[in-house]
Protein chains: 4
Amino acid sequence: MGLKAGVVGAAGFAGIELVRLLLRHPEFELTVVTSDAWAGTPVSAMYPAFAGVTDLSFCSNANANLAECDVVFLAVPHTAALAVAPGLLEQGVSVVDLSADFRLSDPDQYRKWYKTPHTAPELLKQRAFGLPELFAEDLKTLADRRKEGQAVLVGCAGCYPTATSLAAAPAIRAGLVDSEGVVVVDAVSGVTGAGKKATERTHFCFANENLEAYGVATHRHTPEISQILGLGERLVFTPHLAPLNRGLLSTVTMPLDPNAPAPSQEELDQIYEDFYRDSPLVHFAKGVQPKTGSVAGTDRAQVGAVVHQAAKMIVATGAIDNLGKGSAGQAVQCANIICGLDEACGLDLIACAI
Amino acid sequence: MGLKAGVVGAAGFAGIELVRLLLRHPEFELTVVTSDAWAGTPVSAMYPAFAGVTDLSFCSNANANLAECDVVFLAVPHTAALAVAPGLLEQGVSVVDLSADFRLSDPDQYRKWYKTPHTAPELLKQRAFGLPELFAEDLKTLADRRKEGQAVLVGCAGCYPTATSLAAAPAIRAGLVDSEGVVVVDAVSGVTGAGKKATERTHFCFANENLEAYGVATHRHTPEISQILGLGERLVFTPHLAPLNRGLLSTVTMPLDPNAPAPSQEELDQIYEDFYRDSPLVHFAKGVQPKTGSVAGTDRAQVGAVVHQAAKMIVATGAIDNLGKGSAGQAVQCANIICGLDEACGLDLIACAI
Amino acid sequence: MGLKAGVVGAAGFAGIELVRLLLRHPEFELTVVTSDAWAGTPVSAMYPAFAGVTDLSFCSNANANLAECDVVFLAVPHTAALAVAPGLLEQGVSVVDLSADFRLSDPDQYRKWYKTPHTAPELLKQRAFGLPELFAEDLKTLADRRKEGQAVLVGCAGCYPTATSLAAAPAIRAGLVDSEGVVVVDAVSGVTGAGKKATERTHFCFANENLEAYGVATHRHTPEISQILGLGERLVFTPHLAPLNRGLLSTVTMPLDPNAPAPSQEELDQIYEDFYRDSPLVHFAKGVQPKTGSVAGTDRAQVGAVVHQAAKMIVATGAIDNLGKGSAGQAVQCANIICGLDEACGLDLIACAI
Amino acid sequence: MGLKAGVVGAAGFAGIELVRLLLRHPEFELTVVTSDAWAGTPVSAMYPAFAGVTDLSFCSNANANLAECDVVFLAVPHTAALAVAPGLLEQGVSVVDLSADFRLSDPDQYRKWYKTPHTAPELLKQRAFGLPELFAEDLKTLADRRKEGQAVLVGCAGCYPTATSLAAAPAIRAGLVDSEGVVVVDAVSGVTGAGKKATERTHFCFANENLEAYGVATHRHTPEISQILGLGERLVFTPHLAPLNRGLLSTVTMPLDPNAPAPSQEELDQIYEDFYRDSPLVHFAKGVQPKTGSVAGTDRAQVGAVVHQAAKMIVATGAIDNLGKGSAGQAVQCANIICGLDEACGLDLIACAI
């Protein structure tokens with residue numbers, strides 16, 4: 001328990017999932033959880049899952065002693081992380097940001113999609129992008145820098161980009177995909193993805209027994225997916241909402257390179273198996289479609305891939321828990337790496353099989 | 001109540017939904033409901049929603065007096081309709097088939113996808129394809145023939161093809177879509193789509209809180225969608241399962257014709273509005289994404305369409321109740337048309353808003 | 001279509017369900033739907049289930065021409081009905097109130113449980129209690145008075161009282177129940193019962209995959225149940241919330257009269273069958289437990305009753321749709337009766353069997 | 001990892017939950033998982049939540065080397081445990097049985113309720129009843145005997161009896177409850193409680209959006225609840241099914257002793273707080289109703305209690321995960337105790353707060 005951790009914005013969905021993970025983590029000690037709206041309230045009074053588990057209370061951001069933390073997780077809306085991260089880094093506190101503020105490498109893209117200027121563009125050059133299976137080296141570089149005494153910054157990937165990229169990257173990096181073709185991503189998320197705010201969208205009676213697309217052609221995860229996979233404008237991303245709490249399934253349809261022979265299913269299987277062989281938290285399910293239910297409540301991901309010979313496409317699928325691998329779980333995984341721990345440390349949870 | 005109707009295979013999900021619709025229909029009198037497995041059982045004993053509503057019992061197919069019906073609905077597995085339809089037609093009974101047996105115009109396609117020869121290819125030439133908004137003329141032709149005393153046959157569209165084609169057809173028929181490009185269809189269905197059989201897939205505890213794709217690159221609705229939209233091999237269709245009873249949402253991503261200027265959103269809206277202006281049961285929701293919850297329990301459909309200017313695509317969405325417009329509702333709509341009734345007769349149900 | 005109807009508070013859950021029922025009603029013409037918060041908004045913009053169905057828009061209460069209605073339904077919070085009903089009655093408009101304002105016969109009980117004085121106690125003497133199967137005579141009296149030109153007032157029963165009383169009344173009225181013993185009512189409701197307001201309680205992610213009791217020993221339906229069944233203080237009522245949209249199941253455990261021989265199950269069955277023989281919308285399911293799924297979306301109710309010989313109790317169960325027979329459906333049923341129509345007029349909906 | 005554990009019947013719902021818990025347990029090593037139906041199948045092929053987690057395969061009971069285990073868990077239907085347990089004990093293997101075979105102390109009660117003779121009545125005298133918070137001494141006695149080298153037997157409590165008794169016992173043991181009065185238990189369970197078998201009851205489309213009671217006056221957990229709480233025939237137990245995977249809420253209405261002054265709410269709170277002060281896995285939620293969502297996926301329980309002064313009753317509520325504290329979690333807790341471990345060892349899971 002040599003490492004002290006804090007969570008800013010702990011009363012939201014990603015924040016409270018961080019609390020759940022960090023309270024059981026063998027190496028991090030959770031010392032401070034902040035929420036201006038709920039300052040003074042015991043965590044267990046707001047989320048009774050913690051009754052009998054912890055006596056922690058939320059404290060205001062002003063009163064939070066974050067400077068004594070080794071790592072602070074920011075589970076706040078975009079722009080709020082921009083406001084907080086620079087100061088923490090200056091105080092020597094490493095930051096793992098779950099917001100969108102440090103995801104896009106290009107501050108102009110940030111301004112375009114988030115309608116506000118990026119106020120710390122110099123940090124974008126130093127930060128690592130938090131999606132360990134695809135950007136392992138960047139995170140290891142941070143670990144080295146942190147070992148040397150520097151405070152470091154991780155901008156964690158979003159939920160849709162994580163599931164989508166885990167599904168698509170092995171094929172794209174293997175050069176199977178047409179570099180001129182458009183990639184189509186249709187993804188479905190559970191309602192925790194819509195956040196804690198009680199709205200018509202999150203009302204049980206409107207979300208239950210309903211399916212719908214939203215943010216068609218306009219969702220802010222579009223440039224992030226494009227950045228990870230190097231797609232430029234060749235991307236259509238359509239998110240959907242379905243009636244479950246946790247779970248995100250991304251189905252990615254990618255045109256095969258027309259100038260190369262199409263791979264056989266066996267060849268594709270091999271490529272995916274090789275890609276994830278050493279990843280403790282991502283499992284390629286050969287011949288099996290991934291299920292979100294098999295990873296709910298965990299930081300695990302499952303990936304599937306099928307060659308569609310008739311249409312000359314690959315259909316790859318990725319299943320995650322949007323609050324797990326898609327958010328808090330991945331943040332802890334990143335924190336593990338920058339702190340020199342095993343990446344799966346404290347993330348050994350197994351989904352309820354039923 | 002001049003028209004007598006029968007339902008073969010009434011104990012299954014599509015069958016019992018037909019019973020629900022026909023019992024309230026102002027022009028059809030439901031006189032016979034068959035189920036070999038449940039012969040002798042009152043409908044209300046099996047489905048207590050009918051307790052106090054009807055005294056009908058299931059009878060065996062052997063004992064069913066179908067010859068006295070004006071129209072018989074076949075809610076049976078594929079091949080079973082092939083076995084029954086010819087005899088009914090010979091007896092002068094018009095047939096509305098909900099199975100896959102009379103959907104594909106080409107018997108070779110049937111053999112390829114259903115792994116069994118089509119035993120009544122001559123009927124394929126006479127039948128109309130049951131998707132009234134797209135094949136109105138064919139159904140009207142049947143109405144004329146029926147008026148002249150002939151028994152006629154409708155092969156109703158499947159659930160995924162219905163939602164997909166209602167979403168895609170206005171753009172494709174308007175010539176907006178690249179005739180060389182691949183159309184990507186990702187569709188999500190509720191669990192009634194998996195049928196009444198109790199299996200691991202339909203077990204509450206496996207279906208609930210889970211999302212998954214299935215039948216990737218192999219689902220039998222692929223050739224049907226392709227036939228309706230004239231896509232040949234240029235189609236990737238991936239169905240998914242989500243935890244709700246009724247509802248099917250199809251998201252169709254179509255490449256714009258590269259040789260023509262991309263339409264504006266306003267132009268696309270106009271095309272879709274015009275297309276469905278006179279359709280009482282399909283509503284184009286300008287600027288709004290369709291919700292399956294808004295059509296559940298009804299024969300209605302909602303359609304949306306967005307121009308994705310960056311990727312030069314159209315993203316069209318279609319929402320139906322897979323047992324309504326996707327099955328029993330559409331069958332009744334087809335029966336209305338061939339019997340010379342208003343197409344929406346008896347189909348005035350309004351979805352529960354919540 | 002000789003009768004004009006209006007709905008005050010039409011944007012809430014009970015209100016919009018009234019709209020759904022009245023739009024299809026063969027005798028009522030829905031002419032005005034009010035909502036101060038949504039004045040000017042088309043009904044279909046807020047509830048897309050009505051897209052393509054109606055062009056009605058919500059109007060403010062101030063602008064609503066309610067005086068031209070034959071019947072106005074009040075789907076408003078308690079105290080709001082007290083403010084509106086007297087004026088409508090004076091204008092000659094009959095009122096069917098779905099709020100709690102005219103349920104309790106004793107204004108002191110109202111003051112005690114609702115913490116506010118009853119401002120129209122004289123109306124309590126004239127109103128009928130809206131639970132037709134148990135208070136048919138009172139409603140018929142209103143029908144007579146209305147026929148003579150008077151405007152009349154119905155105070156409709158609440159959802160829990162309806163399901164509970166339909167289950168319990170046959171046994172109690174038959175004198176089977178110990179007049180000294182305590183009746184225990186445990187009831188479970190779907191989330192529409194918690195209303196349209198987006199709160200933590202109604203957030204999908206808190207309501208889903210959860211069961212809880214609420215309002216233990218303090219729920220305001222307690223005095224109403226007690227009034228209907230004549231229980232005085234001999235009642236424990238505990239409501240619960242479960243993750244479904246529509247449905248309310250009440251389980252009522254009643255001590256048998258110790259001074260009489262316990263009835264056999266057959267005798268109890270006979271009593272219940274006789275009780276509901278002529279009720280078109282309530283079905284006693286002999287030997288079968290009622291299911292809320294079998295009445296969802298309808299004004300129907302199902303009732304079951306079992307003699308527990310070992311403990312000398314009767315366990316009676318009642319299943320309704322809390323928005324149907326528990327609210328809007330029952331209100332329409334009451335309106336039918338006071339207008340001299342068949343009580344089930346326009347209420348012939350059949351629940352989706354699946 | 002000094003202790004070897006086996007699970008017989010590991011492919012069922014309780015069995016696979018044991019696998020999930022034991023794979024992460026710091027002191028037990030799971031060496032054998034049996035299933036005759038699935039012998040040879042990898043656990044992860046059947047339950048993909050274990051993909052990438054374990055390479056264990058199910059083996060047949062005949063081939064299972066259970067003799068080398070320190071503890072074997074029996075997750076089998078009743079009578080199957082009777083067939084297996086004696087042999088294991090003779091081989092020196094301690095047995096934790098999750099079935100009903102060793103719950104009832106009186107073999108005549110077993111014969112009466114399970115319609116089959118109890119074939120090992122002598123074991124009933126030696127076994128401890130597995131509900132640690134209420135029968136701690138019995139389990140500690142087994143721990144002592146096991147320490148001395150004896151194989152011991154635990155008959156774990158059922159799910160409904162666990163939630164019910166945790167809610168009721170503090171009040172009953174404190175002497176607050178009328179020893180002549182009838183206790184009414186209405187409990188609601190998620191669908192995992194109905195088991196893995198695919199039936200109409202467990203079909204998603206029948207269980208979803210539905211509430212119903214079942215087994216009224218006849219459920220086999222009745223004598224078990226009565227035995228734990230000493231109620232004799234003074235018990236009415238009515239179980240219900242609701243649409244969620246995991247969770248069981250029991251609401252227990254108990255008459256206060258008429259010969260003693262009614263306790264105040266504060267006095268009742270104190271009694272419950274004192275009762276569970278030293279129980280790491282049961283939390284009394286003063287002034288708050290327990291939620292099943294707050295304990296799902298864990299071995300935790302939450303309890304609430306309210307004095308109903310008007311009716312002179314106590315309404316106590318208990319929330320558990322039926323597969324956790326109601327089954328596999330409690331079995332591991334019992335195994336911990338008989339093996340001399342901390343009772344909560346390996347059971348530190350925290351429910352997803354959302």
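1. A polar contact, as the term is used in this note, is a pair of N or O atoms within 3.5 Å, where within protein one atom must be able to donate a hydrogen and the other to accept it, and where residues adjacent in sequence count only if both atoms are side-chain atoms. In chain C, the side chain of D257(C) reaches the backbone nitrogen of N259(C) at 2.8 Å.

2. The model is a predicted one, in which local features need pLDDT of at least 70 and side-chain atom pairs count only at pLDDT 80 or more, whereas totals for chains, interfaces and linings use all residues. Residues are numbered from 1 along each chain as its sequence is written, chains are lettered from A and ligands numbered from 1 in the order in which they are written, and side-chain values use heavy atoms, with hydrogens and water left out.

3. To return to D257(C), this residue lies in the loop between β10 (248–255) and α10 (265–276) of chain C, the helices (H or I, at least four residues) and strands (E, at least two) being DSSP runs numbered from the N terminus. D257(C) counts as partly exposed because its relative accessibility is 22%, given that buried means under 20% relative accessible area, exposed over 50% and partly exposed in between (1.4 Å probe, protein chains only). Leaving out residues up to four places away in sequence, D257(C) touches G175(C), L176(C), V177(C) and D178(C), contact meaning heavy atoms within 4.5 Å. G175(C) is 82 residues from D257(C) in sequence, yet the two C-alpha atoms are 7.7 Å apart in space.

4. Between chain A and chain B, the contact takes 42 residues from chain A and 43 residues from chain B. The two chains bury about 3,600 Å² between them, 66% of it on carbon and sulfur atoms, where buried area is the accessible area (1.4 Å probe) that two parts lose on being put together, summed over both. E209(A), L211(A) and H308(A) supply 17% of the area that chain A buries against chain B, which is more than any other three residues.

5. The polar side of this interface comprises 12 residue pairs in polar contact, with both residues at pLDDT 80 or more. On the side of chain A that touches chain B, the largest share, 4 residues, comes from β9(A), and the residues of that side divide into 24 nonpolar, 12 polar and 6 charged; here Ala, Val, Leu, Ile, Met, Phe, Trp, Tyr, Cys and Pro count as nonpolar, Asp, Glu, Lys and Arg as charged, and the others, Gly among them, as polar. The count of salt bridges between chain A and chain B is 2, a salt bridge being a side-chain nitrogen of Lys or Arg within 4 Å of a carboxyl oxygen of Asp or Glu. K291(A) and E212(B) meet in a salt bridge at 3.1 Å, N to O.

6. T253(B), in strand β10 (residues 248–255) of chain B, is buried, with a relative accessible area of 0%. Apart from neighbours within four places in sequence, T253(B) is in contact with residues of both chains, among them V184(A), D186(A), V236(A), V182(B) and M313(B).

7. For chain C and chain B, 31 residues of chain C are in contact with 31 residues of chain B, and the buried area is about 2,700 Å², of which carbon and sulfur atoms give 67%. The salt bridge count is 2, and D348(B) pairs with R24(C) in a salt bridge whose closest N and O atoms are 3.5 Å apart.
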